[in-house]
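Please consult the sequence and the structure shown here while reading.

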Amino acid sequence: MPALAEQTVVITGAAQGLGAAIVRVFAGQGARLVLMDLDAEGLAAVKAATGGRTEILTVDLADAEATADAIAAIRGPVGTLIHNAAILRPEPLEQVSLATFRATMDVGIQAGFQLSQGVWSGMKAQGGGALIFVSSQSGIKGFADETAYCAAKHALEGFSKCLALEGAAHGILSCTITPGKAMHTPMSEANYPPELKAEWIDPARLAPAFAHIATARDMALSGQRLNAWDLSQEHPL
């Protein structure tokens with residue numbers, strides 16, 4: 001199976017939090033990285049901290065045209081896609097604007113569709129690849145004040161299952177993955193209740209799971225919803 005040093009890996013939401021933690025691990029193993037985020041300064045800081053073979057693409061993934069341009073800028077076939085970017089703005093239904101709902105869905109599922117379609121033919125040509133979609137409990141059940149976020153994550157779950165079926169004949173693995181533990185990120189700082197903040201962990205402790213999926217290419221994992229904490233414990237770096 002291809003080592004990370006042999007792969008081009010695309011990571012969205014890479015400027016902070018879980019995305020940045022994954023970047024650090026993958027850069028340390030020599031992957032060629034293409035990082036996407038709306039936060040240009042954050043991306044630049046992540047690149048400066050990790051070095052290696054890293055390209056950064058500042059892009060608003062809620063914008064279909066901008067996303068298409070970013071995909072077109074990727075050089076060569078992609079071995080692994082990690083779609084981690086998301087928008088979470090907790091609001092009661094009556095207060096959710098159409099613009100917020102659309103942006104949440106566009107980043108979560110529209111960009112996931114565009115990115116997957118953009119890397120698909122290259123993965124087929126090279127005999128396989130891994131599509132990893134970051135989900136959460138909001139992709140499994142509903143939460144008050146998360147109508148947009150839950151809708152986007154539920155959509156991502158179904159989308160991944162379809163890609164697993166289509167990719168099976170081509171060695172393309174598709175899965176979703178939940179953190180499995182409360183993690184300390186800018187998103188969780190803004191949204192976690194005190195009881196979860198009391199037990200949150202550094203997202204770096206979840207990054208080994210992503211490295212395992214990207215390198216093992218275990219097709220038994222395709223179509224599954226994985227737990228990053230459990231998988232990281234089973235396959236530490």
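Helices (H or I, at least four residues) and strands (E, at least two) are DSSP runs, numbered from the N terminus. The model is predicted: local features need pLDDT of at least 70, side-chain atom pairs count only at pLDDT 80 or more, and totals for chains, interfaces and linings use all residues. Residues are numbered from 1 along each chain as its sequence is written, and side-chain values use heavy atoms, with hydrogens and water left out.

**Pocket and cavities**

On a 1 Å grid over the protein atoms alone, a cavity is a set of points where a 1.4 Å probe fits but cannot get out, while a pocket is an open set with protein on both sides within 12 Å along at least five of seven lines; lining residues have an atom within 4 Å of a point. Grid points are joined across faces, edges and corners, and a volume is the space filled by probe spheres set on the points.

The largest pocket is lined by 47 residues, of which Leu88, Tyr149, Met183, Thr185 and Met187 are the closest to its centre. At least two lining residues come from each of α1, β2, α5 (147-167) and α6 (186-191), and α6 gives the most, with four.

Two cavities of 30 Å³ or more are counted. The largest cavity has 13 lining residues, and Arg89, Asp145, Glu146, Ala148 and Tyr149 lie nearest its centre. Helices α4 (98-125) and α5 give two or more residues to this lining, with the most, three residues, from α5. The second largest cavity is lined by Ala85, Ala86, Ile87, Thr104, Gly108, Tyr149, Ala152, Lys153 and Leu156. Here too α4 and α5 give two or more residues, and α5 has the largest share, four residues.

In the table, Ala, Val, Leu, Ile, Met, Phe, Trp, Tyr, Cys and Pro count as nonpolar, Asp, Glu, Lys and Arg as charged, and the others, Gly among them, as polar.

| Space | Volume | Lining by class |
|---|---|---|
| Largest pocket | about 1,300 Å³ | 24 nonpolar, 15 polar, eight charged |
| Largest cavity | about 70 Å³ | six nonpolar, three polar, four charged |
| Second largest cavity | about 50 Å³ | six nonpolar, two polar, one charged |

**Nonpolar core**

A nonpolar core is a set of buried Ala, Val, Leu, Ile, Met, Phe, Trp, Tyr and Cys residues joined through side-chain atoms within 4.5 Å. Buried means under 20% relative accessible area, exposed over 50%, and partly exposed in between (1.4 Å probe, protein chains only). The largest core holds 37 residues, and Ile11, Phe26, Leu33, Ile82, Ile177, Phe210 and Ile213 touch the most other members. Helix α1 gives the most to this core, with seven residues. Contact means heavy atoms within 4.5 Å; beyond four places in sequence, Ile11 is in contact with Gly19, Ile22, Val23, Leu33, Val34, Leu35, Met36 and Ile82.

**Two buried residues**

Ser174 is placed in strand β6 and is buried, with a relative accessible area of 0%. Its side chain is joined to that of Ser160 by a polar contact of 2.9 Å (a pair of N or O atoms within 3.5 Å; within protein, one must be able to donate a hydrogen and the other to accept it, and residues adjacent in sequence count only if both atoms are side-chain atoms).

Ala15, in the loop between β1 and α1, counts as buried at 10% relative accessibility.
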